[in-house]
Amino acid sequence: MEKKLGVYICSDCGIGDSLDIEGLQNATRKYQPAVCKTHPFLCSQEGVQLIKDDIQNEGINTIVIAACSQRVNQDVFDFDPLTYVTERVNLREHVVWVQPPGDENTQLMAVDYLRMGITRAMKALPPEPKKAELEKTILVVGGGVAGLSAALETAKAGYKAVIVEKAGELGGWAKKMHRTLPSRPPYAELEPPDIEGKIRAVEENPDIRVYTNASIEAIDGEPGMFDVTVSSSGSSETFRVGAVVFTIGWKPYDATKLEDQGYGRYKNVITNVELEEMANNGGLKRPSDGGAVQSAVFIQCAGQRDENHLPYCSSVCCLTSLKQAKYVRDSNPDAGAFIIYKDMRTPGLYENFYRSAQDDEGIFLTKGEVLGMEENPDGTINVKVDNKLLGAVTTIKADLVVLATGMVTNMVPEEREPNNLTDEFIGDIVEKQTQDGIVKELEPQSIVLNLKYRQGPELPHLRYGFPDSHFICFPYETRRTGIYAAGAARHPMDMASAELDGAGAALKAIQCVELTSQGKSVHPRAGDQTFPEFRLESCTQCRRCTVECPFGTLDEDEKGTPREHPYRCRRCGVCMGACPQRIVNFKNYSVDMISSMLKEIDVPEDEDFPLIVGFICENDAYPALDMAGINRIQYPPNFRFISLRCLGGTNLVWIADVLSKGADGVILIGCKFGDDYQCHFIKGSQMANERLGKVQETLSRLMLEADRVEQVQLAINEYDRLPEILDEFIEKVKEIGPNPYKGF
Amino acid sequence: MAEETVISPDIKFIRELKETGGETLKKCYQCATCSVVCPISPDDRPFPRKEMVMAQWGMKEEIFSSPDIWTCHNCNDCSKYCPRGARPGDVLGALRQRFIKEAAVPGFMGNLVTEPKMTLVALAIPLLLFLVVLGVTGHLGIPEGRIVYSKLFPIRYIEVIFLSAVGLAGVAYLTSLSRFWNRLTRVNGRGYSKAFVPALVETITEFLKHSKFAKCEANRDRKNGHLLVFYGFVGLFITTLWITFYYYVPKIHSPIPLSDPMKWFGNLSALTLLTGSLIVIANRTKDKGINTRSSSFDWTFVIMVLLVCVTGILTELIRLAGIAALAYPMYLVHLTFVFYIIVYFPYSKLAHMGYRTLAIAYSKMTARDVEA
């Protein structure tokens, strides 16, 4: 493609008052643009028409708009991305709003940004999307409330669904419930579960196919073309689906580990799940002698929020105990139900249900700690409680003690402890003999999905086995593109939430098959039509890309050469950053592109003016800098920021490029990583950090100090910290002294 | 951690409380806003938070062995600021009513007076008694001539009936009070920082000044109403002594001329009581943004006070107007209400007098009282 460059500089919003526009225009000359124009109001209809006319008359196909942030006016400067390369140079938020007007350094900064922007545009090509007719059926793994809801919503939206259920019948836990929590105002009355209706709706729907007594032998492929092998009642069958909804549900925590709370020791100590069964099978009775239940004590957080058992809160057990307290009261108006809680947690509108239970004269609630239990000769149990509300140690005589045990995701196999799982994939650490000697390696275990992915057969998990995703920002996304988790497999939740969750995940799955067949990326770069391209002839089989991809996109052949599965890709560019051979590139995002941009920076020879290059992530750091601009927060003029899709895409060669050019430091600003990560690509910022640990090597080769390179974690709302962070880094760099390569 | 208690909640007690004005008690979620805003709650084990939870848990014994439900003046600052609408003020009121009923000697009197549905029976008893006495002694009928109430109901009869009834009630009340005192003092492991008599004197001084009542914020006007009712009763009590003195010493008999200082004093006291009870009623009816509801027990008593005033004043006015056919029946009606107020006092709202005195004195003795 022959590049024909048009540069458009807007002088509105203070740009013209602050900068020498003519100077900017002169700076573009070396790139020989076909047109270079200034406009006082570029985002006006007239301004946009100016660009359109040039496209029409001059054949401009590479458009550089030097104006405001790329995050605004996207709908205004909207030129077909498959035909034109559009690059936005942020003179407003990143220059004139954060630097003193008319200053020489402000002008230098703007010129650098303009030159980098033009270079980026000149190096970019329009993407070539991989469109294909793909399979759009949705596979639903698990036929509980969430799964049924996912399948029904899928069918309602006009797609086909296949349910694979392990048990002999659909319905899951909902079938075992005596009553469910109230679903409508005033949230006071328990309701019979309406699961039968749902099962019937699924069974009668011609667009939903159901396999019961079934398991998945293998899932091979990628979104739009997952080949699923299901074995059911002795025979197996392979079919193709487009995306997967993962609703495998939960299991109760193993109460036999709660002997210290009386379980297994005393007959009248049962779990909340057992009470539910009891209520379903003839009502509440003392297990020891079948006697009436006059007084029941519910012990909340039994084996929960406890490092030795489940360290987390299951969020439902308070509600379950309130519900079951009502069973006790309904069965006998003179019976007392005592709930001993650590914290009463009734999320959302269930607060109303809590209130209605609280109003019941026979339901007694207290924050407290169970100090001990003793069995009386008649089988009743004296529960000794440090009652925090009464401020006294009280003894309650109970016919029934109910342990409110928590929920464990079915991602965790029966025999494993949820609080003691191997990182990322559940499995065993084994010792393997390799050419480097004996190494310890994780051997992941197959549990449900049996994915034929190089990285492992299941979804990577967070602590305690829940599928890894950003819990708040993109809850259904897992780390396997096209597989969306929902229901209590994803995190503990009640039935109403699971139902909603199933619907949500189904819609994500549909979105996935649609975007994928258009050759577009799903979240977070939804709509991106680029794909990573591998120059495999230069590959050294180092496997960094296949190991580091947060989404398991790449498989390997026997030698270790990456095998692409483009539709699994989320376009973060982590592989691009990982590759020491620089063989991974995108049409509009490449190692060479950034290197070329770095060459355009004019590093001043003045030793008192350290120049620092910042690599910033487009999801958090870039908008944070925008917000600094919007709030007119001033920061030093020594920085030149380059936006990356993800900090995980940082290739170490760029750091060498920056420093060998004579710039004095490199700062990487990206999302928080660790347990509470905020990275949109989950592992990106952490990967960048790990790579920086290895930058030492590069720097010592250049005889430079490691402290010249630093990574900062910044949340999107922490823009006010920027001046402090940047000032501090300058001070640090000044202390190290000027880069000895300056002026070379 | 305090002492160990075995809990066997009295669900019936909770139900009763809910029926007698404490229907919101279960709403309390123990945030303790009430104890913080209460101007007269002590720092040491403040009320009404703990009363709320004990009531929720049906711990009758514990509540009734503490002075705190009586230390409460029902200002309702707690109910005003309660984020849950649990109305601690009303719950404590219900607890006090329940206590009066529980502590009543003999027990059936508790039921008779604290149960509003029994009020008519309670009033019928003295009226029938009067009619029977008058019938038997041949006094039933409108006497001729100048209206002199002792013509209908000789003073000696009144003395015998009232003195013996009040005497019995007094003995019963003293029994209840001493039982209460024993309950209070039974579990005192902390010793006393003040003797009973000085504490009592301090308490009564406070009452005379209504200084603790003055600390109420949400319901400031209640103090004035209560003060007038209090002094109205005191004035009428003095009037009664005064007239008895006239009767026996200078042998001045009723009706006493309006010019007599005793008459001025008596009428002034009656007007004070009337004004006081009207203020109390007005306070209870006007919405001051405080989330409270008067229990029927409270209403019964306020209305009885109003009626005793109104019938008393009417008795005097009709006599002055000389309408014998109305005056004598009115007098009987008035006597009936007087009987209700002074003979039933150990079982009516008036019983709080003694319990509150002892409770506050005890709080002072154990250094848990808030400076007035």
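**Exercise 1. The domains**

Into which domains is chain A divided?

*Solution.* Start with the ground rules. This is a predicted model, where local features need pLDDT of at least 70, side-chain atom pairs count only at pLDDT 80 or more, and totals for chains, interfaces and linings use all residues. Residues are numbered from 1 along each chain as its sequence is written, while chains are lettered from A and ligands numbered from 1 in the order in which they are written.

Now list the parts. Chain A has domain 1 (1–126), domain 2 (138–249 + 440–517), domain 3 (252–409) and domain 4 (590–744). These bounds come from an automatic or database domain assignment.

**Exercise 2. Domain 1 against domain 4**

Describe the contact of domain 1 of chain A with domain 4 of chain A.

*Solution.* Step one: the distance. The centres of the two domains, taken over C-alpha atoms, are 24 Å apart.

Step two: the count. Domain 1 of chain A gives 19 residues and domain 4 of chain A gives 22 residues. Contact here means that C-beta atoms, placed from the backbone, lie within 7 Å.

Step three: the elements. On the domain 1 side, α4 (92–96) and α5 (104–123) of chain A each supply at least two residues. α5(A) gives the most, with 10 residues. Helices are DSSP runs of H or I with at least four residues, strands are runs of E with at least two, and both are numbered from the N terminus.

Step four: the classes. The domain 1 side has six nonpolar, six polar and seven charged residues. Ala, Val, Leu, Ile, Met, Phe, Trp, Tyr, Cys and Pro count as nonpolar, Asp, Glu, Lys and Arg as charged, and the others, Gly among them, as polar.

**Exercise 3. Strand β3**

Is β3 (residues 62–67) of chain A buried or exposed?

*Solution.* Six of the six residues of β3(A) are buried, so the strand is largely enclosed by the rest of the structure. A buried residue has 20 or more other C-beta atoms within 10 Å of its own; an exposed one has 12 or fewer, and a partly exposed one falls in between, with C-beta atoms placed from the backbone.

Check each face. Thr62(A), Val64(A) and Ala66(A) lie on one side, and Ile63(A), Ile65(A) and Ala67(A) on the other.

Then find the partners. Strand β1 (residues 5–10) of chain A runs parallel to β3(A), with five bridges. Ile9(A) has Ala66(A) as its bridge partner. Strand β4 (residues 85–90) of chain A pairs with β3(A) in the parallel sense over six bridges. Strands pair if DSSP finds at least two bridges between them.

**Exercise 4. A four-stranded sheet**

In which order do the four strands of the open sheet stand?

*Solution.* The order is β29-β28-β30-β31 (chain A), with parallel pairing. β29 (639–644) and β31 (709–713) of chain A stand at the edges with a single partner strand each, so one side of each has no neighbour in the sheet.

Look at one pair. Strand β30 (residues 665–670) of chain A is joined to β31(A) by five bridges. Val666(A) stands opposite Val709(A).

Terms used. Contact = placed C-beta atoms within 7 Å.
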